[in-house]
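Please read each point with the structure open beside the text.

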Amino acid sequence: MIDEPRQSDGGIVPAKSPNNLKGLEEMEGRPPVKGNAQEHPSHRTQSRNEGMQAVLARIREAVRKDKEAKLTSLYHQVYAIEHLRSAYYRMRKDAAPGVDGETWKHYGENLEAHLEDLSGRLARGGYRPPPVKRKYIEKADGRLRPLGIPALEDKIVQSVVGQIFSTIWEEEFLGFSYGFRPSRSPHQALNALTVGIQEKRVNWVLDADIRGFFDNLSHEWMEKFIEHRIGDQRISKLTQKWLRAGVQEEGQWTQSEQGTPQGGLVSPVLANIYLHYAFDLWAHHWRKHNAQGDVILVRYADDFVVGFEHRADAEQFRRDLTERLGKFNLELHADKTRLIEFGRFAATNRSERGEGKPETFNFLGFTHLCGTTRKGKFVVKRQTMRKRMQAKLKAIKAELRRRMHTSLPQQGQWLRSVLLGHYQYYGVPFNSLALWAFRQHVQWLWKRTLSRRSQKGYVNWERIQRLSRKWLPNPHICHPYPSLPLRVTT
């Protein structure tokens with residue numbers, strides 16, 4: 001039996017119903033069809049002349065009214081030309097092309113005709129996502145991270161679907177999840193973790209790492225999670241097409257049986273949805289019903305840190321987490337997952353046992369250490385990860401070599417922008433020494449590059465100091481103490 005559909009402004013109809021196409025068509029006020037119908041785009045419940053923000057606002061309202069309902073009339077928003085056009089103009093103009101070789105500029109030369117064709121293929125179900133182009137980038141530890149570069153039209157469609165997914169699940173995501181969410185940033189995750197360790201009774205920290213999360217994500221579970229809130233099977237099928245499109249590397253196509261390629265515009269949202277059901281809800285329940293003491297949780301994408309008051313809780317959580325992730329085709333990285341003693345009493349307890357200073361852990365580019373203020377109060381100190389700094393300096397060295405023969409003002413302006421960007425992210429309290437060290441290394445690399453421009457082009461330290469004062473800004477702390485923004489938010 002199908003529930004009576006509830007009326008909603010804008011044709012976004014939440015209703016509890018069996019997840020079948022016939023039921024969906026009935027609820028949308030259209031005659032039942034077989035399979036992939038050749039419907040005309042004009043037979044829709046909502047005008048396509050409205051902006052995407054208005055559509056997202058109605059979706060948000062529908063989700064808030066009924067947190068258990070499925071949204072059954074969404075697909076027409078995906079192929080609305082104005083939404084596709086908006087997604088095109090949001091794209092990076094210099095983004096690398098996918099397997100189709102299409103660039104932003106070339107596609108835009110006949111934009112309206114291309115968007116009409118794309119919209120038509122989406123509307124009649126004839127859109128076939130091409131495989132993603134695989135590219136490798138070097139990680140801070142020297143290993144290569146595989147990235148997937150979708151075709152340009154794929155990026156456009158994924159942008160629209162990603163906005164819809166993000167709006168729907170944003171009402172469900174829990175507070176300790178920070179990655180790839182609107183109005184949330186890595187520094188908010190870092191501040192929450194720091195304040196949690198300092199203010200709560202945290203004595204143990206589980207620094208966890210999921211082995212190859214994006215490569216091992218289960219397609220079967222992903223489809224179930226999507227269908228938990230979306231009753232429009234056409235969107236579910238589009239998502240399945242992306243997951244199964246495969247990867248093309250050096251002309252060879254490889255089928256995708258699991259995982260989602262990093263680099264796709266919809267992949268971060270899918271990752272958040274997957275971990276929301278596989279980890280967040282379970283961890284929140286475990287904290288409330290199984291823990292004997294305080295537990296704090298902070299997750300950013302597939303990186304998360306858990307703090308515990310009692311070691312017994314931490315060890316039990318790790319065992320239960322291993323079992324939980326196994327149900328969803330995931331596992332903890334044995335070499336990178338550590339349980340360490342960390343907190344306000346860690347230094348004292350380890351000193352009494354003759355074990356030396358407390359261990360450290362890394363999160364979002366920072367090494368976290370147990371420290372004290374000048375008045376002796378416990379504080380979590382954050383310093384730039386050594387590997388991150390070395391990788392950045394290596395990249396700067398290579399780029400300076402490429403720019404060796406450009407003018408000094410051009411080199412100086414570029415180095416200035418690099419330093420300001422570095423300070424903007426790593427400029428946190430207690431990290432001044434690392435910022436100054438980074439600037440000094442950049443200054444030395446610049447001196448070395450300038451000295452190699454010609455056989456008689458040696459640059460002495462007096463001249464490089466003069467250039468540095470003009471072009472290399474001094475380090476400055478860009479972020480307040482972690483507790484201040486959280487107090488304002490609260």
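This is a predicted model: local features need pLDDT of at least 70, side-chain atom pairs count only at pLDDT 80 or more; totals for chains, interfaces and linings use all residues.

1. On the side of helix 16 the contact is made by Leu408, Pro409, Gly412, Gln413 and Arg416, while helix 18 contributes Arg463, Leu467 and Trp471. Sorted by class, this contact of helix 16 with helix 18 holds four nonpolar, two polar and two charged residues.

2. Helix 18 (residues 461-471) also meets helix 17 (residues 432-451), and here the two axes come within 10 Å and cross at roughly 125 degrees. Helix 17 is therefore oblique to helix 18, and helix 17 passes helix 18 in a right-handed crossing. The residues of helix 17 that take part are Arg439, Gln443, Trp444, Trp446, Lys447 and Leu450, and they meet Trp461, Ile464, Gln465, Leu467, Ser468, Arg469 and Trp471 of helix 18. By class, the contact between helix 17 and helix 18 comprises seven nonpolar, three polar and three charged residues.

3. Turning to the strands, there is an open sheet of four strands in the order 8-9-5-10, and the pairing is antiparallel. Why is one side of strand 8 and of strand 10 left without a neighbour in the sheet? Strand 8 (295-300) and strand 10 (338-341) stand at the edges and each has a single partner strand, so one side of each has no neighbour there. From one strand to the next, the twist averages 15 degrees.

4. Within this sheet, strand 5 (residues 204-209) and strand 10 run antiparallel and are joined by four bridges. As an example to locate on screen, Val205 has Ile340 in strand 10 as its bridge partner.

5. Finally, please look at the helices that pack on the sheet. Helix 8 (residues 186-199) touches strand 5, strand 8 and strand 9 (303-308), and its direction makes about 165 degrees with that of strand 8. Helix 13 (residues 311-326) packs on the sheet as well, touching strand 5, strand 8, strand 9 and strand 10, and the direction of helix 13 makes about 145 degrees with that of strand 9.

Notes: Residues are numbered from 1 along each chain as its sequence is written. Side-chain values use heavy atoms; hydrogens and water are left out. Axes are lines fitted to C-alpha atoms, for helices over the stretch in contact, and angles run from 0 to 180 degrees between N-to-C directions. Helices (H or I, at least four residues) and strands (E, at least two) are DSSP runs, numbered from the N terminus. Angles under 35 degrees count as roughly parallel, over 145 as roughly antiparallel, 65 to 115 as roughly perpendicular and the rest as oblique. A crossing is left-handed if the near helix is turned anticlockwise from the far one by less than a right angle, and right-handed if clockwise. Contact means heavy atoms within 4.5 Å. Ala, Val, Leu, Ile, Met, Phe, Trp, Tyr, Cys and Pro count as nonpolar, Asp, Glu, Lys and Arg as charged, and the others, Gly among them, as polar. Two strands pair if DSSP finds at least two bridges between them.
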